[in-house]
Amino acid sequence: MTSEADKPHLDCREVLEEVYLYLDEECSDVRRGVIKDHLEECSPCLSEYGIEQEVRAIVHRCCSKEVAPDDVKERLRQKLHAIEQVSELFSEVAERDR
């Protein structure tokens with residue numbers, strides 16, 4: 001069982017920088033859990049997240065008929081995967097250095 005002290009900690013700036021990855025479910029399950037925990041405990045971030053979520057819903061309603069070409073989607077997936085790997089590596093290093 002993981003204690004509170006063992007859980008990775010994000011500050012508000014980090015959470016809000018990653019809120020789009022969280023909303024789009026484009027981060028690891030571990031990272032989603034850390035962000036979700038922070039949002040549940042931090043009123044200012046939760047408020048900001050709510051605004052971001054509404055904007056995302058509006059954009060989805062207005063632009064959901066737009067379809068990106070397959071090659072663009074694949075390049076984007078590859079770049080997001082590379083970013084996620086680097087992020088996980090930094091998280092591991094930060095945890096190890098604590």
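Glu95 is partly exposed, with a relative accessible area of 32%; on this scale buried means under 20%, exposed over 50% and partly exposed in between, for a 1.4 Å probe and protein chains only. The model is predicted, so local features need pLDDT of at least 70 and side-chain atom pairs count only at pLDDT 80 or more, while totals for chains, interfaces and linings use all residues. Residues are numbered from 1 along each chain as its sequence is written, and side-chain values use heavy atoms, with hydrogens and water left out.

**Overall organisation**

The protein has 4 helices and 0 strands, and from the N terminus on its elements run α-α-α-α. Helices (H or I, at least four residues) and strands (E, at least two) are DSSP runs, numbered from the N terminus. Of the 98 residues in the protein, 17% are buried. Among contacts with a separation of 6 or more, 69% join residues 24 or more positions apart, where contact means heavy atoms within 4.5 Å.

**Selected residues**

Glu95 lies in helix H4, and Asp37 is found in helix H2. The C-alpha atoms of Glu95 and His9 are separated by 9.6 Å, although these residues are 86 apart along the chain. Asp37 and His9 are 28 residues apart in sequence and 9.5 Å apart in space, C-alpha to C-alpha.

Glu25 is placed in the loop between H1 and H2. Most residues other than glycine have a negative phi. Glu25 has a positive phi of about 55° although it is not a glycine.

The accessibility of several residues is listed below.

| Residue | Relative accessible area | Class |
|---|---|---|
| Glu25 | 59% | exposed |
| Asp37 | 28% | partly exposed |
| Cys42 | 13% | buried |
| Cys27 | 11% | buried |

**Cysteines**

A disulfide is a covalent bond between the sulfur atoms of two cysteines. In this report a disulfide is a pair of cysteine sulfur atoms within 2.5 Å, and the structure holds 0 disulfides. Cys42 is in no disulfide; the nearest cysteine sulfur, that of Cys12, is 3.6 Å away.

**The largest pocket**

Rolling a probe the size of a water molecule over the atoms shows where empty space is left. On a 1 Å grid over the protein atoms alone, a pocket is an open set of points with protein on both sides within 12 Å along at least five of seven lines, whereas a cavity is a set of points where a 1.4 Å probe fits but cannot get out; lining residues have an atom within 4 Å of a point. Grid points are joined across faces, edges and corners, and a volume is the space filled by probe spheres set on the points.

The largest pocket holds about 300 Å³ of space. It is lined by 17 residues, and the closest to its centre are Ser28, Arg31, Ser87, Glu88 and Ser91. Helix H1 (12-23), helix H2 (29-41) and helix H4 (70-97) are the elements that give two or more residues to this lining. The largest share, 8 residues, comes from H4. By class, the lining of the largest pocket has 7 nonpolar, 3 polar and 7 charged residues; Ala, Val, Leu, Ile, Met, Phe, Trp, Tyr, Cys and Pro count as nonpolar, Asp, Glu, Lys and Arg as charged, and the others, Gly among them, as polar.
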